[in-house]
Amino acid sequence: MMAWRNRMMAAMAALALAGCSQAAEQTAERETAPTASATTAANAHPLSGLEVVPVTVTTADGTAHTFRAELAASADEQRRGLMFRTEMGPDEGMLFPYAAPQVLSFWMHNTVLPLDLVFIDADRTIINIGAGEPYNETSITSDRPGIAVLELNAGRAAELGIAPGDRVDW
């Protein structure tokens, strides 16, 4: 009985040491290398918490304009969009990517900011640009199937010479 007890105690001690060793290794890894969460947190928008990605629009004359766009990737993030937001910087936006081409339709339910809705096709060219008026629940749609929408402050596309046929990369 005593031998069994000693073996059990030795096994428990070995497990405890292995657990401490693994925890110490994980702690050391966290301290020496940034985690995906830390990297994402560094690229997160301060208000929405969404990942911020660069989106570059290249106009017909070759001029490139880069925006810091919040990435609304999930269905919940896309439903919320820019609702209730009262400001957005001139070189900021929100990107709504979709898995498959489809006719895209947006409305401005609970959206305070007037917006340009830049509809983008599978070739990453601008299909059309719609005008989103605050709180307007009338659908604004793409002229043909698209894979993404980039929302910018209203009038920003015209101000920068952004038009259908321009290239969009992210």
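Modeller: Let's start with Arg85 and Glu70, which are both buried (under 20% relative accessible area with a 1.4 Å probe, protein chains only; exposed is over 50%, partly exposed in between). Before going on, this is a predicted model, where local features need pLDDT of at least 70, side-chain atom pairs count only at pLDDT 80 or more, and totals for chains, interfaces and linings use all residues. Residues are numbered from 1 along each chain as its sequence is written, and side-chain values use heavy atoms, leaving out hydrogens and water.

Arg85 and Glu70 form a salt bridge, with their closest N and O atoms 2.8 Å apart; the term means a side-chain nitrogen of Lys or Arg within 4 Å of a carboxyl oxygen of Asp or Glu. Arg85 sits in the loop between helix 3 (75-80) and strand 3, while Glu70 belongs to strand 2, 15 residues away. Helices (H or I, at least four residues) and strands (E, at least two) are DSSP runs, numbered from the N terminus.

Leu71 has Leu95 of strand 3 as its bridge partner. On to strand 8 (residues 146-153), which pairs with strand 3 in the antiparallel sense over five bridges; there, Phe96 is partnered with Val149.

Asp76 is exposed at 53% relative accessible area, and Arg79 is exposed at 55%.

Terms used
Two strands pair if DSSP finds at least two bridges between them.
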